[in-house]
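Please look at the sequence and the three-dimensional structure shown here before reading on. The explanation is meant to be read with both in view.

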Amino acid sequence: PTKPFSQKLIFGVRVKEIIDQADKRGFSYETLAGHVEKGISIFTVEQLDNKLIFKVQTYSTPGNILTKLLGPIF
């Protein structure tokens with residue numbers, strides 16, 4: 001709530017794939033080593049029956065023993 005007491009956690013990801021198909025566009029990214037979770041996220045916009053559909057798909061697991069133990073609590 002205030003600048004001096006604000007906590008910020010920055011974790012790295014990298015773009016894994018650019019999706020550029022006739023009826024689908026998007027990208028995916030994956031977490032880097034040391035991230036609190038290990039996983040991949042995929043964001044796409046698809047054309048289906050004259051409709052645009054935005055999708056977000058995520059797959060992840062705890063990235064280390066600490067997040068594995070504390071995950072159920074938080």
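The following paragraphs go from the overall fold to the sheet, then to the salt bridges and the surface.

The model is predicted. Read from the N terminus, the elements follow the order β-β-β-β-α. The chain has 74 residues, of which 14% count as buried. Where contacts link residues at least 6 apart in sequence, 17% of them join residues at least 24 apart.

The strands belong to an open sheet of four strands, arranged as β1-β2-β3-β4 with antiparallel pairing. Strands β1 (13–20) and β4 (51–62) are the edge strands, since each pairs on one side only. From one strand to the next, the twist averages 10°. Strand β3, residues 37–48, runs antiparallel to β4, and 12 bridges join the two. Within this part of the sheet, Thr-44 stands opposite Lys-55 in β4.

Attention may now turn to charged side chains. The whole structure contains three salt bridges. One of them is formed by Arg-14 and Glu-30, whose closest N and O atoms are 3.5 Å apart. Because Arg-14 lies in strand β1 and Glu-30 in strand β2 (residues 24–31), this pair ties together parts that are 16 residues apart in sequence. Arg-14 is partly exposed, at a relative accessible area of 45%, and Glu-30 is also partly exposed, at 24%.

A further salt bridge connects Asp-20 with Arg-25, with 2.9 Å between the closest N and O atoms. Asp-20 counts as exposed because its relative accessibility is 58%, and exposed means over 50%. Arg-25 is partly exposed, with a relative accessible area of 45%.

Lys-55 also takes part in a salt bridge, and its partner is Glu-46; the closest N and O atoms are 3.5 Å apart. Is each of these two residues buried or partly exposed? Lys-55 is partly exposed at 35% relative accessibility. Glu-46, however, has a relative accessible area of 16%, and therefore falls under the 20% limit for a buried residue.

Ile-65 is placed in helix α1, which covers residues 65–70. With a relative accessible area of 60%, Ile-65 is exposed.

Key:
Residues are numbered from 1 along each chain as its sequence is written. This is a predicted model: local features need pLDDT of at least 70, side-chain atom pairs count only at pLDDT 80 or more; totals for chains, interfaces and linings use all residues. Side-chain values use heavy atoms; hydrogens and water are left out. Buried means under 20% relative accessible area, exposed over 50%, partly exposed in between (1.4 Å probe, protein chains only). Contact means heavy atoms within 4.5 Å. Two strands pair if DSSP finds at least two bridges between them. Axes are lines fitted to C-alpha atoms, for helices over the stretch in contact, and angles run from 0 to 180 degrees between N-to-C directions. A salt bridge is a side-chain nitrogen of Lys or Arg within 4 Å of a carboxyl oxygen of Asp or Glu.
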